[in-house]
Amino acid sequence: MKRRTLLGATAALAALATGAFAQDKPLKVGFVYVGPVGDGGWTYEHDQARLKLIEHFGDKVETVFQENVPEGADAERVMTQMALSGAKLIFSTSFGYMDPTINVAAKFPDVKFEHATGYKTADNVGVYSARFYEGRAIQGHIAGKMTKTNKVGYIASFPIPEVIRGINSAFIHAKKANPDVQFNVIWAYTWFDPAKEADAAKALIEQGNDVILQHTDSTAPQAAAQAAGDVITFGQASDMAEYAPKPRVSSIIDNWAPYYIARTQAVLDGTWESDNTWDGIGAGMVGIGDITDAVPADVKEEALALKDSIADGSYHPFTGPLKKQDGSDWLAEGETADDGTLAGMNFYVEGLTGEIPN
Amino acid sequence: MNLGAIDPVLLIASLMVAATPIILAAIGELVVEKSGVLNLGVEGMMITGAICGFAVAVESGSPVLGFALAALGGAAMALIFGLLTQYLLSNQVATGLALTLFGLGVSAMVGQAYRGIKPPATTRIDMGPLSDIPVLGRILFNHDWMVYFALALVACVWAFLKFTRGGLILRAVGESHDAAHALGYRVVPIRLLAIAFGGACAGLGGAYISLIRVPQWTDGMTAGAGWIALAIVVFASWRAGRVLLGAYLFGGITVLQLNLQAAGLPVPVEVLSMSPYLITIAVLVVMSARQRGAAGSAPAMLGRIFHASS
């Protein structure tokens with residue numbers, strides 16, 4: 001019932017605003033979600049940020065959102081509909097909305113678009129993402145220290161740079177913590193399908209992987225790990241604290257609210273410009289969820305030290321010497337990866353097995 | 001690549017679990033279609049069963065009660081369809097599709113209060129020494145009771161359709177409702193019973209996903225299982241035994257492809273991902289193509305509207 005009351009409240013606010021200040025209509029902000037707001041992960045956090053946006057601006061903004069929008073032609077229709085109904089700022093929150101966003105933006109030059117995790121921009125399209133790979137580095141370290149079978153399972157979604165970066169970052173740091181560690185990756189080809197994610201987790205666990213990392217959005221792998229017993233997992237996108245202290249031993253939490261508030265403010269002020277924002281732990285866009293007592297104290301301390309060094313910029317998770325999977329040189333001793341390479345990352349680092357699907 | 005990491009025993013055990021929701025939904029739909037009604041709302045009835053079962057199990061703490069209410073919820077959804085198609089004579093295809101959309105919406109609404117909650121665990125049946133038999137014990141005697149219930153249900157439906165008078169009447173209604181009507185059988189009530197049975201089975205299948213297989217509630221969590229069940233009924237040429245085979249094939253290859261990926265088989269992931277659909281359909285098509293005569297074909301009255309005046 002929560003959403004209904006909320007919609008009612010938003011509508012009431014909107015009605016008030018239009019009645020009292022007819023000349024000063026609220027700014028309409030649209031959100032396009034790839035999953036349901038109740039997924040407990042990715043979309044949930046975007047919607048939490050939307051709620052904070054309303055809290056911050058009160059009746060100066062009016063928000064609309066659409067859940068479960070497929071990546072493709074449907075997304076284009078949804079965004080067109082939002083723009084036609086008066087939205088002046090639209091956040092499209094999944095990688096697969098990239099081309100639809102660019103297409104719709106070309107038709108509505110007065111509407112500002114913000115696309116999450118993509119790389120294509122236009123005069124009225126900005127992109128934003130979070131440096132999730134910084135969080136993956138910490139997960140990788142804990143995974144490497146905690147695994148007893150030296151096998152770490154990874155439920156990947158789609159073979160896009162975002163996901164590949166996460167696998168590489170986790171692997172590099174797991175390997176540093178435990179030279180014998182091996183990663184087994186399953187490509188689920190979905191962001192959200194609880195039954196499939198549960199099956200993937202079970203398959204990995206049955207093959208002896210005792211740490212499961214996931215880049216899909218539901219809590220199903222956590223439940224599978226809990227049922228299996230001696231397996232640890234990490235919350236993805238959201239804290240997933242209901243599975244703490246075990247299997248969930250830590251998490252990466254997306255925090256979009258500050259960014260959404262800043263960009264909305266920019267539109268209200270008329271200062272919005274297309275940009276390319278990519279913030280990490282330091283700026284607070286990526287949060288690390290509480291590391292539970294299932295992790296030994298010394299490992300926890302190391303993980304937190306790693307987090308601090310990433311946050312203050314003294315350490316970059318992609319620091320040489322690093323080779324690519326085929327053995328060719330990538331980064332020399334002490335060299336760090338540039339954002340361009342990271343944004344388009346399409347290769348595994350040395351030591352990972354298997355191939356990236358095309 | 002490390003195929004040795006795949007344990008065939010665990011693989012077979014988990015394919016039985018993966019196939020169970022599809023078996024339940026498909027065997028129910030088989031009975032519905034045998035009576036001459038095409039209900040495309042399986043997905044909607046499954047998801048309704050999933051949330052009804054989940055909600056009741058959480059509130060009461062009893063998974064068994066959850067499954068019972070899931071069956072009731074699925075049957076209630078199905079009876080909406082029955083009312084519309086049998087008494088108001090609406091188009092079955094359109095009504096079935098609407099039922100799917102309706103079910104997805106209703107379940108999402110009811111389910112809002114149940115996100116992120118863990119359901120009470122369904123205990124495995126303790127089969128004592130049977131579970132300790134090497135290999136077979138792990139495969140056959142180490143599951144939750146719903147797995148056995150689904151298998152028993154398939155056997156019952158098979159026997160009912162093949163050996164009982166009731167089964168004969170049901171099939172007669174599905175093959176020629178006018179003839180059955182002329183003989184004095186009450187076509188509409190018989191079909192309503194079949195529809196309600198189909199809904200109850202779909203509801204159980206949905207609840208199996210939300211209570212045992214995943215287990216949690218999320219919107220749209222059946223993710224197309226109802227459509228797979230519908231396809232399996234068709235490709236199994238309306239035979240109970242082949243529904244079982246089709247569901248095991250589908251469930252088995254789904255689990256196998258994930259295991260192969262985890263073991264690093266150097267086959268493109270895209271091919272592995274579509275293999276469950278391709279192989280299941282191919283096998284069932286080949287089997288029904290080899291069949292002689294009309295034995296494997298659809299019930300003659302499938303999807304036709306019956307009205308006593310015509």
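Contact, throughout this tour, means heavy atoms within 4.5 Å. The model is predicted, so local features need pLDDT of at least 70 and side-chain atom pairs count only at pLDDT 80 or more, while totals for chains, interfaces and linings use all residues. Residues are numbered from 1 along each chain as its sequence is written, chains are lettered from A and ligands numbered from 1 in the order in which they are written, and side-chain values use heavy atoms, with hydrogens and water left out.

**Stop 1: a helix in chain B**

Start by selecting A180(B), which sits in helix α8 (residues 177–182) of chain B; helices here are DSSP runs of H or I with at least four residues, strands are E runs of at least two, and both are numbered from the N terminus. Now show what surrounds it: leaving out residues up to four places away in sequence, A180(B) touches A172(B), V173(B), Y185(B) and V187(B). A180(B) is buried, at 2% relative accessibility (buried is under 20% relative accessible area, exposed over 50%, partly exposed in between, with a 1.4 Å probe and protein chains only).

**Stop 2: a loop histidine**

Next, pick H143(B), in the loop between α5 (136–140) and α6 (145–163) of chain B. Is H143(B) buried or exposed? It counts as buried, because its relative accessibility is 4%. Beyond its neighbours within four places in sequence, H143(B) has contacts that include A13(B), M16(B), R124(B) and Y148(B).

**Stop 3: aromatic rings**

Colour the Phe, Tyr and Trp rings. Two of them pair if their centres lie within 6.5 Å (for Trp, the six-membered ring is used), and the planes make the pair stacked when under 30 degrees apart, edge-to-face when over 60 and tilted otherwise. Over all chains, this gives 27 aromatic pairs. One to zoom in on is Y133(A) with W278(A), edge-to-face at 5.9 Å centre to centre and 65° between the planes. This pair links distant parts of the chain, as Y133(A) belongs to helix α5 (residues 132–146) and W278(A) to strand β11 (residues 276–279) of chain A, 145 residues apart. Y133(A) is buried at 2% relative accessibility, and W278(A) is buried at 14%.

Hop to chain B for F67(B) and W145(B): their ring centres are 5.4 Å apart and their planes are at 75°, so this pair is edge-to-face. F67(B) is in helix α3 (residues 63–87) and W145(B) in helix α6 of chain B, so the pair ties together parts 78 residues apart in sequence. F67(B) is buried, with a relative accessible area of 1%, whereas W145(B), at 24%, is partly exposed.

Back in chain A, select the aromatic cluster whose members include F31(A), W42(A), F91(A), Y128(A) and W256(A).

**Stop 4: where the chains meet**

Finally, show both chains. 37 residues of chain A are in contact with 30 residues of chain B. Between them about 2,700 Å² is buried, 51% of it from carbon and sulfur atoms (the accessible area, by 1.4 Å probe, that two parts lose on being put together, summed over both). D199(A), E206(A) and Q207(A) supply 22% of the area that chain A buries against chain B, more than any other three residues.

Which side chains meet in a salt bridge? Those of D199(A) and R213(B) do, at 2.3 Å, N to O (the rule asks for a side-chain nitrogen of Lys or Arg within 4 Å of a carboxyl oxygen of Asp or Glu). The count between the two chains is 1 salt bridge.
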